[in-house]
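Q: I would like to learn how to read a few features of a protein model. Could we go through them one at a time?

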Amino acid sequence: MGKNQQQQKICYVNTGPGQKPGVSKFFKKDFLFKFILFFSGFLVFLLVLSIFVSLILNSVPSLKEFGLKFFVSKTWDPVFEQFGALPFITGTLLTSFLAILITIPFSLAISIYLAEFTKHGFYPGFLKNSIDLLAGVPSVVYGFFGIFVIVPVIRYLQIKLHIEPYGVGIFTASIILSIMIIPFSSSLGREIIEMVPAEIKEAAYSLGSTRFEVIKYVILPYARSGITAGILLALGRAIGETMAVTMVIGNSNMMPESIFSPSNTMASVIANEFTEAVTSIHLSSLIEIGVVLFLVTTMISITGKIIIKKFAVHQ
Amino acid sequence: MKKIFKVMLGVVMMLLMVNVSKADDKELIGAGATFPYPLYSKMFDVYYKEHGIKVNYSAIGSGGGIRQLKEKTVDFGGTDAFLSDQQIKEMGADIVHIPVCMGAVVLAYNMPGIKTLYLTPDIVADMFLGKIKKWNDPKIQKINPKEKLPDTNIVTVHRSDGSGTTFIFTDYLSKISNEWQSKVGKGTSVNWPIGLGGKGNSGVAGLIKNVPYSIGYVELIYALSNKIPFATLQNKSGVFIEPSLTTTSKAGDVKLPDDMRVSITDTDAKDGYSISGFTWIIVYKKQNYGNRSYERAKTLVNLLWWMVHQGQKYAEELHYAPLSKQALMKAENLIKSITYNGKQIMN
């Protein structure tokens, strides 16, 4: 084989371009390479599709039994086999959107600071590395941090506010989540802000704008699609987060009364109950929650794409 | 390119080899409950050294163990809750429940300054139903005359993940309170009327430690090894029993059914602790299913016999309660009832 190939190579070189045998060989390899690339890509598509189909198939018993009631019922009772996901859907949306609200000012500030103010030097490098590190910390470690640091602080706050001092709950989970998603929203934002053409910034400066005005009237409008996309990416991450949330949310399957109430999210109820779900209807209800999670993340990703397209500044 | 292919081929071959070795009769596979896992791994480790039979047990939870046995991917399953008649029907063939050890669930609490706490069944049920809201409720204060209980809200803590511990605890509550039985019922996960949820024993213990004036249930082993204070509970005979390995074992000294599918919570035993239960290994009664060899069935039965006899001595050092005499006798009969092609395997 090896010898043959070598001979062919020599042959190809000797005959030069345009000669038939060498070219056809080259063509075949090219085609094969293209096919492998196409196939790998197609495999991913197939994977996504099969995940979705298997989720749907496995949730058929619960789809049949509860229908649309599954999304509006507040009872989750494995003993009497009544399953409604509203408390978990509410819990997931509340924690994620609250986390986004908390994280936006910080991540925006970080992106603007890193992209516009100090690009080089010790502090920005240190800041960048710490943010990257935040992305790499395992979520169970965030959970520990939540239990040992955030929970006592929140409990102190609750005692001052005369609320039942649980410490755990939606607000605590949101704070943990907002820390976890800072890397996602800030790094994309920073990259987009760096891409704002120097010419238009300089034009604004030349017209007498202050630095703040340049950021407000030139950079942010220009970069808004990228910043929004980063936030949506972070939202997707917040919705799916399981371990850290489970550790600090209080895991109560009831409708939350305030942002300090203990609650539960879709991802954490699946993680909690899946291993010991014995009856088939319980199992398929948990899988149906998985379907809902899948759909919600898909919707967020699609919305992200639309926003990027719509708000992108065309050149 | 070629190198990558070679490496990939090697990996595939290795995976295949792992699969082949699994079919060996010198190795048994089990899966199920997490509660007895520390004891099982100790037992299987000793058994491997003594008999050269390797046992792989994965602690994936009782539900998972039952499912895997049903799909016949394991030789035995481990469960903390016995199968209902309906569930046995779904398994396709008769199932034998062999009790291996006993565990207790204790009510751990966090009340600064309070060293001992006495509770009655009614109080426990009312606490978890949300009917008794304050620690200094006259009902609690009355049986704890020596302590001055605080005027604070009770925070109840339960397991958020499905677990055998929850099954034992809710089974107890269903027995002592009609209201609990009709409103909540028993199961590995239930619809808790109030309270916070923690994941795993460690999650519940963490919440109890972190939230002052809270009370929750954890396994006795967990409370003992983490030195969390727990309540002394009045049993059916009216005696206040401090949970321990001895009082747990004693809870099993009652008349037991032949198939051992029994809950011994709220035990009739006079000096037994009320919230205790068995943990079982489940196997198919007729072992000649699928392509199982007689050798494999025999290996499995020998292991089970060893676990309920010689294996019992490892229970106490790991804070599990060994089987009571009554339970051991029943277990022996159950192991003898396992057959291959209609013939008894153990003789």
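Q: In which helix do B:Lys183 and B:Glu179 both lie, and how many residues apart are they?
A: A reminder before the case: the model is predicted. Helix α8 of chain B holds both residues, and they are 4 residues apart, about one turn of the helix.

Q: Which residues are linked with B:Glu179 in a network of salt bridges?
A: The network links B:Asp126, B:Lys131, B:Lys139, B:Glu179 and B:Lys183.

Q: How many salt bridges does a search of the whole structure find?
A: Over all chains there are 17 salt bridges. One of them is in chain A, where the side chains of A:Lys201 and A:Glu116 meet at 2.8 Å, N to O. This pair links distant parts of the chain: A:Lys201 belongs to helix α9 (residues 198–206) and A:Glu116 to helix α5 (residues 86–117), 85 residues apart. A:Lys201 has a relative accessible area of 11%, so it is buried. A:Glu116 counts as buried as well, because its relative accessibility is 13%.

Q: How many salt bridges are counted between chain A and chain B?
A: The count is 0. Across this interface there are, however, 7 residue pairs in polar contact, both residues being at pLDDT 80 or more. The elements of chain A that give two or more residues to the side touching chain B are β1 (76–77), α7 (139–160), α11 (243–248), α12 (266–273) and α13 (280–311). Of these, α12(A) gives the most, with 3 residues. By residue type, that side of chain A divides into 18 nonpolar, 8 polar and 5 charged.

Q: How many residues of chain A are in contact with chain B, and what area do the two chains bury between them?
A: On the side of chain A there are 31 residues in contact with 40 residues of chain B. The two chains bury about 2500 Å² between them, 52% of it on carbon and sulfur atoms. In chain A, the residues that lose the most area to chain B are A:Val79, A:Glu276 and A:Val278, together 23% of what that side buries.

Q: Where is A:Asn253 found, and what does its side chain join?
A: A:Asn253 is in the loop between α11 and α12 of chain A. A polar contact of 3.0 Å joins its side chain to that of A:Asn264. A:Asn253 counts as buried, because its relative accessibility is 14%. Beyond its neighbours within four places in sequence, the residues in contact with A:Asn253 include A:Lys74, A:Trp76, A:Phe88 and A:Glu273.

Q: Now the strands: in which sense does β8(B) pair with β4 and with β6 of chain B?
A: Strands of a sheet pair through backbone hydrogen bonds, either parallel or antiparallel. Strand β4 (residues 95–110) runs antiparallel to β8(B), with 6 bridges joining them; B:Val106 has B:Val218 as its bridge partner in β8(B). Strand β6 (residues 155–159) pairs with β8(B) in the parallel sense over 3 bridges, and B:Val157 stands opposite B:Gly216. Strand β8 (residues 214–219) is mostly covered, with 6 of its 6 residues buried.

Q: What is the strand order of the open sheet of 3 strands in chain B?
A: The order is β5-β9-β10, with mixed pairing. β5 (118–119) and β10 (240–241) stand at the edges, each with a single partner strand, so one side of each is left without a neighbour in the sheet. β5(B) pairs with strand β9 (residues 232–234) in the parallel sense over 2 bridges, and the bridge partner of B:Leu119 in β9(B) is B:Leu233.

Conventions:
Residues are numbered from 1 along each chain as its sequence is written. Chains are lettered from A and ligands numbered from 1 in the order in which they are written. This is a predicted model: local features need pLDDT of at least 70, side-chain atom pairs count only at pLDDT 80 or more; totals for chains, interfaces and linings use all residues. Side-chain values use heavy atoms; hydrogens and water are left out. Two strands pair if DSSP finds at least two bridges between them. Buried means under 20% relative accessible area, exposed over 50%, partly exposed in between (1.4 Å probe, protein chains only). Contact means heavy atoms within 4.5 Å. Buried area is the accessible area (1.4 Å probe) that two parts lose on being put together, summed over both. A salt bridge is a side-chain nitrogen of Lys or Arg within 4 Å of a carboxyl oxygen of Asp or Glu. A polar contact is a pair of N or O atoms within 3.5 Å; within protein, one must be able to donate a hydrogen and the other to accept it, and residues adjacent in sequence count only if both atoms are side-chain atoms. Ala, Val, Leu, Ile, Met, Phe, Trp, Tyr, Cys and Pro count as nonpolar, Asp, Glu, Lys and Arg as charged, and the others, Gly among them, as polar.
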